[in-house]
Amino acid sequence: MLDSAVSGAHHVAMMDLATLLTFTAAAFALAATPGPDMLLVMSRSVAQGRAAGFVTLAGICLGCYFHAVVAGLSLSGVLLLAPVMFEIIRWAGAAYLLYLAVQALRGAGGFQPTAKDGAAPRIALMALFRQGLLTNMLNPKVALFFLALFPQFMRPDPDTVLAQALILASVLNVAGGLVNGGIIMAAGRLGELLSSRPAFVRWQNRLLGGVFAALALRLAFDRR
């Protein structure tokens, strides 16, 4: 078993450097593309500070590893082979985004107005982590992205395919961490500046709720 593990590590270590660099470029391009994950990270950072943004980002990164494992085990193909499964995940994701939209409009999950003592209501960090995780896991477009992109950068070696998928997911998470980390720092600072302006925060609640609702409709009615 030890020999097998060493052999597998050797094969993974021998992944073509040019291929990894190409994937890294694609990962940064993906990370810089606005989407539900980026919006969620930004909103949590403005609403509750940098720590909340990084916790949300941690949930998103874990979701990426979930998709990587599924892709590595060749189970993501069920989304292509079984349209019913794709539809279930698609509508579940749309429903969750719509839930976040309602929460934002109510001021319960978006940019929250300050209380009389100046302190804003806070969402538990574990709840923020779950939001990041579920937003990523319930997006079938992410699963299809992993299924479509990862095989182009992986060697057809059944002994190392899962390890390769996890390595590529790590590269993707590093790219996402760098891009979203900058967004978190800037958004957290913006939140500090706006925390004493409840009227402006309420307007932002409506904007965030509208954007989440638009993303939910896009996910629900956009074809593959």
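**Exercise 1.** Are H3 and H7 roughly parallel or antiparallel to each other?

*Solution.* The model is predicted.

Step 1. Two packed helices are described by the angle between their axes and the distance between the axes.

Step 2. For helix H3 (residues 36–48) and helix H7 (residues 125–137), the angle is about 165° and the axes are 9 Å apart.

Step 3. Angles over 145 degrees count as roughly antiparallel. H3 and H7 are therefore roughly antiparallel to each other.

Step 4. The crossing in which H3 passes H7 is right-handed.

Step 5. On the H3 side, the contact is made by Pro 36, Asp 37, Leu 40, Arg 44 and Gln 48. H7 contributes Leu 125, Leu 128, Gln 131, Gly 132, Thr 135 and Asn 136.

**Exercise 2.** Determine where Thr 56 is found, whether Thr 56 is buried or exposed, and which residues Thr 56 touches.

*Solution.* 

Step 1. Thr 56 belongs to helix H4.

Step 2. The relative accessibility of Thr 56 is 0%. Buried means under 20%, so Thr 56 counts as buried.

Step 3. Leaving aside residues up to four places away in sequence, Thr 56 touches Leu 40, Val 41, Arg 44, Leu 128 and Gly 132. Among them, Leu 40 and Arg 44 also take part in the contact of H3 with H7, as do Leu 128 and Gly 132 from H7.

**Exercise 3.** Classify the aromatic pairs that Phe 150 forms with Phe 23 and with Phe 146.

*Solution.* 

Step 1. A pair of aromatic rings is described by the distance of the centres and the angle of the planes. Rings pair if their centres lie within 6.5 Å, and by this rule the count comes to 3 aromatic pairs.

Step 2. Phe 23 and Phe 150 have ring centres 5.5 Å apart and planes at 80°. Planes over 60 degrees apart count as edge-to-face, so this pair is edge-to-face.

Step 3. Phe 23 lies in helix H2 (residues 17–31), whereas Phe 150 lies in the loop between helix H8 (140–149) and helix H9 (161–194), so the pair ties together parts that are 127 residues apart in sequence.

Step 4. Phe 146 and Phe 150 form a tilted pair, with 4.5 Å from centre to centre and 40° between the planes.

Step 5. Ring pairs link Phe 23, Phe 146, Phe 150 and Phe 153 into a cluster.

**Exercise 4.** How many helices and strands does the protein chain have, and what percentage of its residues is buried?

*Solution.* 

Step 1. The protein chain has 10 helices and 0 strands.

Step 2. Of the 224 residues in the protein chain, 43% are buried.

Step 3. Among contacts between residues at least 6 apart in sequence, 84% join residues at least 24 apart.

Terms used. Residues are numbered from 1 along each chain as its sequence is written. This is a predicted model: local features need pLDDT of at least 70, side-chain atom pairs count only at pLDDT 80 or more; totals for chains, interfaces and linings use all residues. Side-chain values use heavy atoms; hydrogens and water are left out. Rings of Phe, Tyr and Trp (its six-membered ring) pair if their centres lie within 6.5 Å; planes under 30 degrees apart count as stacked, over 60 as edge-to-face and the rest as tilted. Helices (H or I, at least four residues) and strands (E, at least two) are DSSP runs, numbered from the N terminus. Axes are lines fitted to C-alpha atoms, for helices over the stretch in contact, and angles run from 0 to 180 degrees between N-to-C directions. Angles under 35 degrees count as roughly parallel, over 145 as roughly antiparallel, 65 to 115 as roughly perpendicular and the rest as oblique. A crossing is left-handed if the near helix is turned anticlockwise from the far one by less than a right angle, and right-handed if clockwise. Contact means heavy atoms within 4.5 Å. Buried means under 20% relative accessible area, exposed over 50%, partly exposed in between (1.4 Å probe, protein chains only).
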